[in-house]
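Q: I have a structure to go through before setting anything up. Can you walk me through it?

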Amino acid sequence: MTNERPFILCLTGSLGMGKSRTASFFAEQGVPVYDSDAAVHALYAAEAAPLIESAFPGTTSDGQVDRTKLAARVVGDGAARARDAFITEAQAHGAAVVLLDVPLLFETGGERHCDAVVVVSAPLDMQRSRAFERPGMTEEKFAALVGKQMPDAEKRRRADFVVDSSRSFDHAREQVRDILRTIAKMRQGRGDSAK
């Protein structure tokens, strides 16, 4: 069926795990990637903060949008419409698989919109090292960001696929290819009963 809804693969992972790099490996394989962070950041520009506060009182502080508070309020609203438009466009172009890159996927209950979930994971020391490569990272900021996220072990437990990003880029790329091969087999097995 050429106009079948694409397989919705969701990608998540904690701070510093290599999620963005892994998303780029899916894109290299021709998978359309929806970056929810980029879409949300576009909405969160400083000039939008007053409008967001007006629409969703209590979701900003000091002129900045509190992403966790806003996500809890708008899941299923504007973000969902943008995501659905992305999926519809990918379907129109015949995409078999789309990747939704969602940092707080489990924390917001977003996994219910996915056919399968990929979690990117690495050991804690590597996570910390990568996080501290970011400009302006401090111990306090790192602790606050990690504190808002579900523990990596729980994310891995709930995942359909895990990409170990602790080795080479080539190793991660091969894991991505393996995931896509598995999904292709899953889709063939579903035939006309695909969602």
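This is a predicted model: local features need pLDDT of at least 70, side-chain atom pairs count only at pLDDT 80 or more; totals for chains, interfaces and linings use all residues.

Q: How much of the protein is buried?
A: Buried residues make up 41% of the 195 residues.

Q: And what share of the contacts comes from residues 24 or more positions apart?
A: Among contacts with a separation of 6 or more, such residues account for 75%.

Q: OK, the sheet. What is the strand order?
A: The order is β2-β5-β1-β6-β7, an open sheet of five strands with parallel pairing. The edge strands are β2 (33-35) and β7 (161-164), and each of these pairs on one side only. Direction ignored, neighbouring strands are turned by 25° against each other on average.

Q: What holds paired strands together, in general?
A: Strands of a sheet pair through backbone hydrogen bonds, either parallel or antiparallel.

Q: How many bridges are there between β1 and β5?
A: Five bridges, in the parallel sense, join β1 (residues 7-12) to β5 (residues 97-101). In that pairing L9 stands opposite L99.

Q: Which helix packs on that sheet?
A: Helix α1 (residues 19-28) packs on the sheet and touches β1, β2, β5, β6 (116-121) and β7. The direction of α1 makes about 155° with that of β1.

Q: Is β6 buried or exposed?
A: Six of the six residues of β6 are buried, so β6 is largely enclosed by the rest of the structure. A116, V118 and V120 point one way, while V117, V119 and S121 point the other way.

Q: How many bridges join β6 to β7?
A: Four bridges join β6 to β7, and the two run parallel. V118 stands opposite F161 in β7, and V119 stands opposite V162.

Q: Which side chains of β7 are buried?
A: F161 and V163, which point to one face, are buried.

Q: Switching to single residues. Where is D115, and is it buried or exposed?
A: D115 is in the loop between β5 and β6. D115 counts as buried because its relative accessibility is 19%, and the cut-off is under 20%.

Q: Then R83. Where is that, and is it buried or exposed?
A: R83 is found in helix α5 (residues 78-92). With a relative accessibility of 16%, R83 counts as buried.

Q: What is R83 in contact with?
A: Apart from neighbours within four places in sequence, R83 is in contact with Y34, L100 and H113.

Q: And P123?
A: P123 lies in the loop between β6 and α6 (124-131). P123 is partly exposed, with a relative accessible area of 40%. P123 and M17 are 106 residues apart in sequence, and their C-alpha atoms are 8.4 Å apart in space.

Q: How many residues line it, and which lie nearest the centre?
A: The lining of the largest pocket has 34 residues, and L15, G16, D37, R134 and Q149 lie nearest the centre.

Q: Which elements give two or more residues to the lining?
A: For the largest pocket these are α1, α2 (36-43), α4 (67-74), α7 (139-147) and α9 (169-190). α1 gives the most, with five residues. α1 is also the helix noted above as packing on the sheet.

Q: What does the lining look like by class?
A: The lining of the largest pocket has eleven nonpolar, eleven polar and twelve charged residues.

Key: Residues are numbered from 1 along each chain as its sequence is written. Side-chain values use heavy atoms; hydrogens and water are left out. Two strands pair if DSSP finds at least two bridges between them. Axes are lines fitted to C-alpha atoms, for helices over the stretch in contact, and angles run from 0 to 180 degrees between N-to-C directions. Contact means heavy atoms within 4.5 Å. Buried means under 20% relative accessible area, exposed over 50%, partly exposed in between (1.4 Å probe, protein chains only). On a 1 Å grid over the protein atoms alone, a cavity is a set of points where a 1.4 Å probe fits but cannot get out, and a pocket is an open set with protein on both sides within 12 Å along at least five of seven lines; lining residues have an atom within 4 Å of a point. Ala, Val, Leu, Ile, Met, Phe, Trp, Tyr, Cys and Pro count as nonpolar, Asp, Glu, Lys and Arg as charged, and the others, Gly among them, as polar.
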